[in-house]
Amino acid sequence: MLIRSPKDWELSESAVTAEQIYRLRNRRDFLKTLGVGLAGAALAPRGLLGATAGFPSQENPAYPASALKPTAYDFITSYNNYYEFGTDKSEPKDQAKGFKTDPWTLELAGLVNQPAKFDVNDLVKKLGGLEQRVYRHRCVEAWSMVVPWDGFPLAKLVALADPKPEAKFLKFSTFFDTKNVVGQREAILDWPYVEGLRLDEATNELAFIATGIYGKPIPNQNGAPLRLVTPWKYGFKGIKAIVKIEFTAKAPRNTWNVMAPQEYGFYANVNPNVDHPRWSQASERIIGAGFLGGRQATLMFNGYEKQVAALYKGLDLARNY
Ligand code: MTE
């Protein structure tokens, strides 16, 4: 991945207020103060926001905001990797602005008993609404954030598709739209962006599909309207704007693995003991912590060892990076 010099210090001090506000107990106050809330979401023109069904979400007490220090909203939504909309971290916020993400259809296909196409808002309702989880987010480029996501467990979607016994993997695909998406007219990556998970990883309790951040629809630059979140893996697994999930018998290739197989693997598990060929993975820069705010030690599986270590028993993690 292209490594750029830090830009987070360029944001003003006021960016931090979103995080302080978030710490207020009263959720309605938080939404009102942020100036968005449900009314804001309802009034926004269709197509400029991601899916709006399911808000407000219910906090999942296993992943509360009180356990971690959420990164300010402004940092999460202005420091992005989304090469369809620019290769600089600051570009997706502007370049993805006009991209239409509602209405949006998700296709479930491949080795399943229930192949289907769903409108995203209908899907959220069908799955029983949204929950909120605050997760660590660690990029392979050695920076990190803490993000309050809204969404639903990927396991619910897998259950809906009802995989056949031969299905062992999931292949996720992003849209391919050279008419409206400038980045896809250039061969920056092997488009469309694709990612994969083993079926047992996809049904792990942590695997999540996000439709929101901080209690409101996920902005385009973060992957509206559906984005994969696997917090024990490097951020590049978190494919944005998913249009299709195909169940397969063989492991699918994933975009960064295709681009540079010696640097990016299929598993992409966060591991402070296995360095990237060009830099150390032992520590990470905390986005939004300020110029001197610093670094912290990277945790095995990004701090989610208890939930996922059993998935990789007996696997050589240095080879299967
Ligand atoms: N998804 C698509 N479709 N295109 C991308 O370029 N970048 C990935 C991932 N998902 C990417 C993508 C990378 S490298 C990272 S680190 C995360 O998105 C960044 O997510 P964020 O911008 O919400 O922090």
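Residues are numbered from 1 along each chain as its sequence is written, and side-chain values use heavy atoms, with hydrogens and water left out.

The chain has an average pLDDT of 89, and 85% of its residues score at least 70; pLDDT is the predictor's confidence in each residue, from 0 to 100. Residues 3-47 have a pLDDT below 50. Where pLDDT is low, the predicted coordinates should not be read in detail.

The chain contains 10 helices and 13 strands. Helices (H or I, at least four residues) and strands (E, at least two) are DSSP runs, numbered from the N terminus. Of the 321 residues, 55% count as buried, where buried means under 20% relative accessible area, exposed over 50%, and partly exposed in between (1.4 Å probe, protein chains only). Among contacts (heavy atoms within 4.5 Å) between residues at least 6 apart in sequence, 74% join residues at least 24 apart.

In soluble globular proteins, nonpolar side chains tend to be buried together. Here the largest nonpolar core has 89 residues, and Leu154 and Leu157 have the most contacts inside it. Such a core is a set of buried Ala, Val, Leu, Ile, Met, Phe, Trp, Tyr and Cys residues joined through side-chain atoms within 4.5 Å. Beyond its neighbours within four places in sequence, leucine 154 is in contact with Leu170, Phe172, Leu197, Ala202, Ala207, Phe208, Ile209 and Leu228.

Methionine 145 is located in strand S5 and counts as buried because its relative accessibility is 3%. Leaving aside neighbours within four places in sequence, its contacts include Phe75, Tyr79, Tyr135 and Ile287. Threonine 230 lies in the loop between strand S10 (227-229) and strand S11 (242-248). With a relative accessibility of 5%, threonine 230 is also buried. Beyond the neighbours within four places in sequence, threonine 230 is in contact with Leu197, Ala207 and Lys237.

The ligand has 18 residues around it, of which Glu84, His137, Arg227, Gly238 and Lys240 come nearest; a residue is near a molecule if one of its heavy atoms lies within 4 Å of it. An N or O atom in the side chain of glutamate 84 is 2.8 Å from a nitrogen atom of the ligand. Oxygen atoms of the ligand lie 2.8 Å from a polar side-chain atom of arginine 227 and 2.7 Å from one of lysine 240. On its own the ligand has 540 Å² of accessible area, and the protein covers 99% of it; these areas come from the Shrake-Rupley method with a 1.4 Å probe, and for residues only the protein chains shown count as cover.

Some features of the backbone remain. Most residues other than glycine have a negative phi, and most peptide bonds are trans. The bond from aspartate 102 to proline 103 is cis, with omega near 5°, and another cis peptide bond joins tryptophan 191 and proline 192, with omega about -10°. Aspartate 162, although not a glycine, has a positive phi of about 55°, and this residue is partly exposed at 32% relative accessible area. Phenylalanine 301 has a positive phi of about 50°, but it is buried, with a relative accessible area of 3%.

Notes:
This is a predicted model: local features need pLDDT of at least 70, side-chain atom pairs count only at pLDDT 80 or more; totals for chains, interfaces and linings use all residues. A polar contact is a pair of N or O atoms within 3.5 Å; within protein, one must be able to donate a hydrogen and the other to accept it, and residues adjacent in sequence count only if both atoms are side-chain atoms.
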